[in-house]
Protein chains: 2
Amino acid sequence: MNVADDPEEQHPTLALDDTVHQRVRLGILAIAREAESVDFAFLKQELGLTDGNLSRHLKVLEDSGLVAVNKGYAGRRPRTWVALTAAGAEALARELRALRALVHRLDAAGPPPA
Amino acid sequence: MNVADDPEEQHPTLALDDTVHQRVRLGILAIAREAESVDFAFLKQELGLTDGNLSRHLKVLEDSGLVAVNKGYAGRRPRTWVALTAAGAEALARELRALRALVHRLDAAGPPPA
């Protein structure tokens, strides 16, 4: 296994991290990035997830220190809030840099072979 | 589970397909997109993979009809060549559209909350 030593020369997908890149977790991080704090129910609706599925992915992100999950109440109703941590914002920024590089590289490659 | 009916309004990550989006497979499809046909050994080197890892991901892509895998010889040495199918080019184009939409959306969101 040998890969270009210089990160600049490495294929952009080598900079992707499965914890961030997995499509549901990428959706959670992206929505949390757009809002200071986001409600569990909103994430579930926006990403078309079940409670179990969303909870599993949130646990992976929380265990990796990428999001903070806080439980509280809105009136008498229990609510769960998700917020991006600084580490989460940096991890998402790295992911976006890699995705941008991949898209630019393929745009430069022109149309696919006929 | 309810998600916006209009695809335009759906979160970009909802358009991602795990078969394509998984980071090793995305790397394979992207490199195959840049070259008409690409050698197994080159993919292994460029993506820093083992034979087993690359073969497993190639099988997923081949079984999904996204790549064609051909075995031949270069001189007396056996070689395996990978090429994107038309379905593979379309699937990668859908992935790139979703990634572009995600990147644009987050660029528009401005800097992360302090």
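Author: **Where chain A meets chain B**

Across the interface of chain A and chain B, the rule finds six salt bridges. A salt bridge here is a side-chain nitrogen of Lys or Arg within 4 Å of a carboxyl oxygen of Asp or Glu. Over all chains, the count by this rule comes to 12.

First, some ground rules. This is a predicted model, where local features need pLDDT of at least 70, side-chain atom pairs count only at pLDDT 80 or more, and totals for chains, interfaces and linings use all residues. Residues are numbered from 1 along each chain as its sequence is written, chains are lettered from A and ligands numbered from 1 in the order written, and side-chain values use heavy atoms, with hydrogens and water left out.

Take one bridge. R105(A) forms a salt bridge with E34(B). Their closest N and O atoms are 2.7 Å apart. Now take D18(B) and R23(A). Their side chains meet in a salt bridge at 3.0 Å, N to O. D18(B) lies in helix α1 (residues 18–21) of chain B and R23(A) in helix α2 of chain A, so the pair joins two chains. Helices (H or I, at least four residues) and strands (E, at least two) are DSSP runs, numbered from the N terminus.

Seven residue pairs are in polar contact between chain A and chain B, both residues being at pLDDT 80 or more. Such a contact is a pair of N or O atoms within 3.5 Å; within protein, one must be able to donate a hydrogen and the other to accept it, and residues adjacent in sequence count only if both atoms are side-chain atoms.

Which helices of chain A supply at least two residues each to the side that touches chain B? They are α1 (18–21), α2 (23–34), α3 (40–47) and α5 (86–108). α5(A) gives the most, with 10 residues. By class, this side of chain A has 20 nonpolar, 10 polar and nine charged residues. Ala, Val, Leu, Ile, Met, Phe, Trp, Tyr, Cys and Pro count as nonpolar; Asp, Glu, Lys and Arg count as charged; the others, Gly among them, count as polar.

Now the totals. 39 residues of chain A are in contact with 39 residues of chain B, contact meaning heavy atoms within 4.5 Å. The buried area is about 3700 Å², and carbon and sulfur atoms give 62% of that. Buried area is the accessible area (1.4 Å probe) that two parts lose on being put together, summed over both.

Next, the sheets. In chain A, three strands form an open sheet in the order β1-β3-β2, with antiparallel pairing. β1 (38–39) and β2 (67–74) of chain A are the edge strands, each pairing on one side only. Strands pair if DSSP finds at least two bridges between them. Two bridges join β1(A) to β3 (residues 77–84) of chain A. D39(A) has W81(A) as its bridge partner in β3(A).

In chain B, eight bridges join β2(B) to β3 (residues 77–84), and the two run antiparallel. A74(B) has R77(B) as its bridge partner, and K71(B) has T80(B). β2(B) and β3(B) form a hairpin with two residues between them. In that turn, G75(B) has a positive phi of about 70°.
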